[in-house]
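Please look over the sequence and the fold below before reading on.

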Amino acid sequence: MEFQAKENGFITQLSYGELHVSGDEQYGFRPYQLLVSSIAVCSGGVLRKVLDKMRMPCTDMKVTADVQRNEAEANRVEKIHLHFIITGENMKAEKVQKAIEAASKNCPMVQSVKGSIVVTESFELVSC
């Protein structure tokens, strides 16, 4: 990837389109938003695949991310709690918990921040 400086941040061209990144939300996505989004979406995508393999396909999924940052240390991201709201039929909580654990172990983004950012998960099930 190549990033070109602009007046209020950076821009890169990707196959899907332009990505604007800036410390000021007025001019692009903030870097921490992209970090958290990558972790949340990667986790959700891997979880969907694991649920499919366990023959528990979900019909819908929502992921919320609660982020804790440390202002005393350059406002670094220290913790991310992901909460999955999973809609499907015949979902068993015990199996979903195992699927979330497997997804966490197999998500490249979660594994990339392991040891520097604490990522935790919870879930709730919604019947169709």
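**Strands, a hairpin loop and cysteines**

In this predicted model, strands S4 and S5 pair in the antiparallel sense over 11 bridges. S5 also pairs with strand S6, which covers residues 118-127, and here the sense is parallel, over 10 bridges.

Strand pairing

The loop between S4 and S5
- The hairpin formed by S4 and S5 has 5 residues between the strands, and within this hairpin Ala74 takes a positive phi near 60 degrees.
- Ala74 lies in the loop that runs between S4 (60-70) and S5 (76-88), and with a relative accessibility of 77% this residue counts as exposed because the value is over 50%.
- Asn75 is found in the loop between S4 and S5 as well, and Asn75 likewise has a positive phi of about 60 degrees although it is not a glycine.
- Most residues other than glycine have a negative phi.
- At a relative accessible area of 27%, Asn75 is partly exposed, because this value falls between 20% and 50%.

Cysteines
- The count of disulfides comes to 0, by the rule that a pair of cysteine sulfur atoms must lie within 2.5 Å.
- Cys42 has a relative accessibility of 18% and therefore counts as buried, since buried means under 20%.
- Cys107 is likewise buried, with a relative accessible area of 0%.

Terms used: Residues are numbered from 1 along each chain as its sequence is written. This is a predicted model: local features need pLDDT of at least 70, side-chain atom pairs count only at pLDDT 80 or more; totals for chains, interfaces and linings use all residues. Side-chain values use heavy atoms; hydrogens and water are left out. Buried means under 20% relative accessible area, exposed over 50%, partly exposed in between (1.4 Å probe, protein chains only). Helices (H or I, at least four residues) and strands (E, at least two) are DSSP runs, numbered from the N terminus. Two strands pair if DSSP finds at least two bridges between them.
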